[in-house]
Amino acid sequence: MLTINIVTIFPEFFRGPLGLSIPARAAEAGGVRYNLVDLRDFAHDRHRSVDDYPFGGGPGMVMRPGPFFEAVESLGATSPIVLLSPRGRRFAHADAMRFAEGRELTLLCGHYKDIDERVASHLATEELSLGDFVLSGGEPAALAIVDATVRLLPGAMSDLDSARTDSFFDRGISAPSYTRPAEFRGYHVPEVLLGGDHAKVANWREAESLRRTREAEARDRAEWQVREARIAEREAALAVIEQDAAKKAAEKARRAAAKARKAAREARRNEPGAPT
């Protein structure tokens, strides 16, 4: 059985979704056990606060390291201990398969501005993200990871072959799917799916899967090129700022040196017996 520990300040966020559909079916089949851990249970003040002001100033609040460390230690949790973070590597189907094959998974959900870096550096064994965007907290990302993982467990799905033909399951993007009616508002199902020739259907699906996968890869490459161009623009702007700062520092040093030389000359003039 897989045990999934979810450390969060909002345990109620998960109770409804985990009691529905495939996550509930996976638990009922004995493939998974959900353990919701309220982070505030490990706070030690009367307000049960888990956040504080950031060292060095700045906006927002930062979640303290203590409650996270104590929560994980109380579980005796072992790797993988995953911190949900926009800085993390992007979660993929391979991660879901890896988690589904394990015995334990611990997910740490942040909130507020950030989490103390010592949680990422010295407690979590990895950081994962759903993509290049920021959520209000780690809870939605944790729920997505749970769903992607438990659907792979025995008993979670009534038709495991359905999961095996999903996108990213030992393959690329899956082929398009159609159901009745064969014609809807003038839009028709491809004839190959209606003819009953299973070999032709299989070939069509393979070809469509390949086409869709290539299109997705081309789109990803284009998006990465745009992103790299933006990074290059930011780096160029930072270089200009750094050059300007270096010039200002050099000018400040030059003026300070000139002032020091002037002060030294005046001091020598004021020495007893110095020529006037």
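Is S21 buried or exposed? S21 is exposed, with a relative accessible area of 54%; here buried means under 20% relative accessible area, exposed over 50%, and partly exposed in between, using a 1.4 Å probe and protein chains only. S21 lies in helix α2, residues 21-28. Helices are DSSP runs of H or I with at least four residues, strands are runs of E with at least two, and both are numbered from the N terminus.

Before going on, a word on the model. This is a predicted model, in which local features need pLDDT of at least 70 and side-chain atom pairs count only at pLDDT 80 or more, while totals for chains, interfaces and linings use all residues. Residues are numbered from 1 along each chain as its sequence is written, and side-chain values use heavy atoms, with hydrogens and water left out.

## Backbone features

S21 has another feature to look at: its phi is near 50 degrees, a positive value in a residue other than glycine. R185 also has a phi near 50 degrees, again positive in a residue other than glycine. R185 sits in the loop between β9 and β10 (187-188), and at 72% relative accessibility it counts as exposed. Most residues other than glycine have a negative phi, and most peptide bonds are trans.

Cis peptide bonds can be found here too. One joins S79 and P80, with omega about 5 degrees, and P80 belongs to the loop between α3 and β5. The peptide bond from R180 to P181 is cis as well, with omega near 5 degrees; P181 lies in the loop between α7 (160-164) and β9 (183-184).

Helix α3 covers residues 65-75, and its buried residues include P65, P67, F68, A71 and V72. After α3 comes G76, whose phi is positive, near 65 degrees.

## How α4 meets α6

Two packed helices are described by the angle between their axes and the distance between the axes. For helix α4 (residues 93-100) and helix α6 (residues 139-150), the axes come within 8 Å and cross at roughly 70 degrees. Such axes are lines fitted to C-alpha atoms, for helices over the stretch in contact, and angles run from 0 to 180 degrees between N-to-C directions. The two helices are therefore roughly perpendicular to each other, a label for angles of 65 to 115 degrees; under 35 counts as roughly parallel, over 145 as roughly antiparallel and the rest as oblique.

Which residues of α4 and α6 meet? A96, F99 and A100 in α4 meet I145, A148 and T149 in α6, where contact means heavy atoms within 4.5 Å. By class, this contact of α4 with α6 has five nonpolar residues, one polar and no charged ones. Ala, Val, Leu, Ile, Met, Phe, Trp, Tyr, Cys and Pro count as nonpolar, Asp, Glu, Lys and Arg as charged, and the others, Gly among them, as polar.

A100 is in helix α4 and counts as buried at 16% relative accessibility. Not counting residues up to four places away in sequence, A100 touches L2, T149, L152 and L153. A100 and R151 are 51 residues apart in sequence, yet their C-alpha atoms are 8.7 Å apart in space.

D95 also has its place in α4, and at 5% relative accessibility D95 counts as buried. Leaving out residues up to four places away in sequence, D95 touches R89, R90 and L128.

## Salt bridges

How many salt bridges does a search of the whole structure find? The search finds 19, a salt bridge being a side-chain nitrogen of Lys or Arg within 4 Å of a carboxyl oxygen of Asp or Glu.

| Pair | N to O distance |
|---|---|
| R89 and E126 | 3.7 Å |
| E126 and R98 | 3.0 Å |
| D244 and K248 | 3.4 Å |

R89 lies in strand β5 (residues 81-90) and E126 in strand β8 (residues 126-129), so this pair ties together parts that are 37 residues apart in sequence. R89 is partly exposed, with a relative accessible area of 45%, whereas E126 is buried at 17%. E126 in β8 and R98 in helix α4 link distant parts of the chain, 28 residues apart. R98 counts as partly exposed, at 36% relative accessibility.

D244 and K248 both lie in helix α8 (residues 198-269), four residues apart, about one turn of the helix. D244 counts as partly exposed at 37% relative accessibility, and K248 as exposed at 55%.

Finally, R87, D114, E117 and E127 are linked in a network of salt bridges.
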